[in-house]
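Hello,

Here is the structure we talked about passing on. Please look it over first; my notes follow below.

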Amino acid sequence: MAMEARRRVRPPFKACRVCHALVPKEATRCPYCGSTDLTEEWEGLVVLIKPEESSITDKLPFEAKRPGRYALIVS
Ligand SMILES: [Zn+2]
């Protein structure tokens, strides 16, 4: 049985530069907005369960309309 040798520092996601959604690393297109502008250079994972009921979305530097994982900072 193989053991995982090293923990990834960063979760295996890419971030959409347009809507900040996090998508699987193998994805080529953002499922939220359809953009293909994805980057592995992002920081800060935000998970939104019910964005419409959460006051935290007012404080985020991007517009989060749907539940999901988002990157706080995309470079
Ligand atoms: Zn997007």
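C16 stands opposite L38 in β3. That strand, residues 38-39, pairs with β1 in the antiparallel sense over two bridges; strands here are DSSP runs of E with at least two residues, numbered from the N terminus, and two strands count as paired if DSSP finds at least two bridges between them.

This is a predicted model, in which local features need pLDDT of at least 70 and side-chain atom pairs count only at pLDDT 80 or more, while totals for chains, interfaces and linings use all residues. Residues are numbered from 1 along each chain as its sequence is written.

β1 (residues 13-16) also pairs with β2 (residues 22-24), antiparallel, over three bridges. F13 has P24 as its bridge partner in β2. Five residues separate β1 and β2 in this hairpin, and H20 in the turn has a positive phi of about 70°.

The largest nonpolar core has eleven residues, including C16, L38 and W42. Such a core is a set of buried Ala, Val, Leu, Ile, Met, Phe, Trp, Tyr and Cys residues joined through C-beta atoms within 7 Å; buried means 20 or more other C-beta atoms within 10 Å of the residue's own, with C-beta atoms placed from the backbone. β5 (68-74) gives the most to this core, three residues.

W42 touches A15, A71, I73, V74 and S75, leaving out residues up to four places away in sequence; contact means C-beta atoms, placed from the backbone, within 7 Å.

Mean pLDDT (the predictor's confidence in each residue, from 0 to 100) is 88 for the chain, and 87% of its residues reach 70 or more.

Regards

Definitions and conventions:
Helix = DSSP H or I, 4+ residues; strand = E, 2+ residues; numbered from the N terminus. Buried ≥ 20, exposed ≤ 12 C-beta atoms within 10 Å, placed from the backbone. Contact = placed C-beta atoms within 7 Å.
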